[in-house]
Every structure is written in structure tokens, then in C-alpha cells.
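Please look through the structure shown here together with its sequence. The explanation starts with the whole chain and then turns to individual residues.

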Amino acid sequence: MTQTVKTDGRRERTKRTRAAIVGALTDLLDEGRIEPTAAEIAGRAGVAVRSIGQHFSSREELLLAVAAHHEQRLTPSPVDPALPFGERLEQFVTQRARTLEASLAMRRAAGVVLARSPAVAAALDRVAKQRRTEAARVFAREIGASKDPVAVERYLALATSGRSWDALRGELGLGVKAARAQLTFMVREALAGR
């Protein structure tokens, strides 16, 4: 019995430490710290630097854990595809804009390490596919009724992507409200009787 209690206590401490490290790196990335050092991560997590290596065998493993954590905290409620178009559009754009804005700093950080991190590349690809699938699911009726469903689905995927949001916010300098209005316009255009 005593051994089980000790083992359970260690497991709980391990979970808490891992969560603290992941949370610390997530917070630093959200604050715009593109590549924080192990010392910065450990300091924010309240752990020793060596704890990072004890709980994550590689930077890739840590980045995958951060990507999974980030994904969980931003998972929106599914939009009902049976709703009228206007309601679907409003709900979809509201959720997509919120998610894309909340993950803006994470995408910037990912862009810096993308070329040398297969874990980050895989995580970005998975999230992009999930977003594309969700957009196609929500607007399946309109896509299916179009003259060229493949082209319309691609257009919708591009218009509602993180890269598109980043261009609206960065290159075009739009505020969140204006970017959201532009996103609404682009989705409407993508689905307007194509």
C-alpha cells in the first residue's frame, strides 16, 4: 500500500511538473518570446533547468506537448451545419477569428523553428487540416451546390486559414474587428454561387 501511494505521488508530481513546463513555454510564446531559453522556461515554470530534460527527452517532444496543449485550449464548439447560412456564417467566423487571433503568437513562434522542427511542422499541418475539414463540414451544402466544389473548398480553406488571418492582421494592418469583417466577406465571396 505504501509503495502505491509513493508511486501515485510521483506520478502526480511528474504530471504537475510537465504541465508547469508546458504552460510556461506556452505563456512565453503567447507573450511573443519566439525562442525562450531553457532557463526562462524553467524560471517561469518554477522548476530547475534540469527538470526540463528529465521530463522531455528532446525539444521536439516539448514542442509537441505545447502544440497539443495549445490545441486543447482553443478547440471551439462545432457549428451545426443544419443552421441557416447566415447563422452558420456568423458562428463560424466568430469562432474562427477568435481561434486564429488567440494563436497568432504561436504561429509566429512556429514559423521561426518550422524548418528545423519536424514536430512543429507536423503540428501546424494537423491543425491546418482540422481547420480545413471544419470549414468544409460547416459549409458542405454551399460547396456541394457550386459549379466547382473542389475549387470552392480550396478557396474557403485558404480564406479561413491562419496564413490568411496573419496577412489581414500583419500585412494589411487590420484590427481584430476589421479582420473579422474581412473574413466574413471572404467566406461569403467563396460561397456566393460559385
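Predicted model: local features only at pLDDT ≥ 70, side-chain atom pairs only at ≥ 80, totals over all residues.

Residues are numbered from 1 along each chain as its sequence is written, and side-chain values use heavy atoms, with hydrogens and water left out.

The protein chain contains 11 helices and 0 strands, where helices (H or I, at least four residues) and strands (E, at least two) are DSSP runs numbered from the N terminus. Its C-alpha atoms fill a box of roughly 65 × 40 × 30 Å, taken along the principal axes. Among contacts (heavy atoms within 4.5 Å) with a separation of 6 or more, 66% are accounted for by residues 24 or more positions apart. Of the 194 residues, 37% count as buried, a term that means under 20% relative accessible area, whereas exposed means over 50% and partly exposed lies in between (1.4 Å probe, protein chains only). The accessible surface, computed by the Shrake-Rupley method with a 1.4 Å probe, comes to about 11000 Å², of which 57% belongs to carbon and sulfur atoms.

Helix α4 covers residues 59–73, and because its 15 residues at 1.5 Å a residue should span 21 Å, the separation of 21 Å between its end C-alpha atoms agrees with expectation; the expected span is 1.5 Å times one less than the number of residues. Which residues of α4 are buried? They are L62, L63, A65, V66, A67 and H70. An α-helix has 3.6 residues a turn, so residues three or four places apart point the same way.

S161 lies in the loop between α9 (149–159) and α10 (162–171). With a relative accessible area of 18%, S161 is buried, and a polar atom of its side chain lies 2.9 Å from the backbone oxygen of L158. A polar contact is a pair of N or O atoms within 3.5 Å; within protein, one must be able to donate a hydrogen and the other to accept it, and residues adjacent in sequence count only if both atoms are side-chain atoms.

A181 is found in helix α11 (residues 176–191), and its relative accessibility of 48% makes A181 partly exposed. Although A181 and A97 are 84 residues apart in sequence, their C-alpha atoms are 9.6 Å apart in space.
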